[in-house]
Amino acid sequence: LACLQSEAVQCKPFDIIASNPPVHRGRPDDWRALRELLEQGPRWLRPGGAMWLVSQEHVPLGRLIAGVSSEGRPLYRSVLEHSDGRFCVWVAELL
């Protein structure tokens, strides 16, 4: 998020965060940036806000979303919004 890069900008919670997170960076798949985005989501989303995430079909995005929890409770409700066999769009709505 651009707000993370500048202390001069005071961020308010967002209704929507849209991202095509980097998972390759020229190397084998690396889910760290995606996990960090999901873990930090509650900090940047308003209650009921959502992340729209685009990834290649082989990225286990639904499983990664489902694996994010706080005190044993899931943080998101996820829906596979679109899949064309190559790419998919997941919506992770903050609970």
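This passage walks through the fold of a predicted model, from the whole chain to single residues.

The model is predicted, so local features need pLDDT of at least 70 and side-chain atom pairs count only at pLDDT 80 or more, while totals for chains, interfaces and linings use all residues. Residues are numbered from 1 along each chain as its sequence is written, and side-chain values use heavy atoms, with hydrogens and water left out.

The protein chain holds three helices and six strands; these are DSSP runs numbered from the N terminus, with helices being H or I of at least four residues and strands being E of at least two. Along the sequence the pattern reads α-β-α-β-α-β-β-β-β. Of the 95 residues, 33% count as buried, where buried means under 20% relative accessible area, exposed means over 50%, and partly exposed lies in between (1.4 Å probe, protein chains only). The accessible surface comes to about 6,400 Å², with 50% of it belonging to carbon and sulfur atoms; the areas come from the Shrake-Rupley method with a 1.4 Å probe, and for residues only the protein chains shown count as cover. Among contacts between residues at least 6 apart in sequence, 62% join residues at least 24 apart, a contact being heavy atoms within 4.5 Å.

The pairings can be followed residue by residue. S1 and S2 pair in the parallel sense over five bridges, and Ile-17 has Met-51 in S2 as its bridge partner. Strand S2 (residues 45–56) and strand S6 (residues 87–94) run antiparallel and are joined by seven bridges. Here Trp-52 stands opposite Val-91 in S6, and Val-54 has Val-89 in S6 as its bridge partner. Ser-55 also lies in strand S2 and is buried, with a relative accessible area of 7%. Not counting residues up to four places away in sequence, Ser-55 touches Leu-61, Arg-86, Phe-87 and Cys-88.

At 1.5 Å a residue, the 13 residues of H2 should span 18 Å, and the end C-alpha atoms are 18 Å apart, which agrees; the expected span is 1.5 Å times one less than the number of residues. The buried residues of H2 are Leu-34, Leu-37, Leu-38, Gly-41 and Trp-44.

Gly-41 is worth a look on its own. At 1% relative accessibility, this residue counts as buried, and it is in contact with Met-51 and Tyr-76 once neighbours within four places in sequence are left aside. Gly-41 and Glu-93 are 52 residues apart in sequence, yet their C-alpha atoms are 9.8 Å apart in space.

The remaining details concern strands S3 and S4. Glu-71 is found in the loop between strand S3 (69–70) and strand S4 (73–74) and counts as exposed at 80% relative accessibility. Most residues other than glycine have a negative phi. Glu-71, although not a glycine, has a positive phi of about 55 degrees. Pro-74 lies in strand S4 and is partly exposed, with a relative accessible area of 48%. Its contacts, not counting residues up to four places away in sequence, are with Val-68, Ser-69 and Leu-95. Pro-74 and Leu-94 are 20 residues apart in sequence and 9.1 Å apart in space, C-alpha to C-alpha.

Technical notes:
Pairing = 2+ DSSP bridges.
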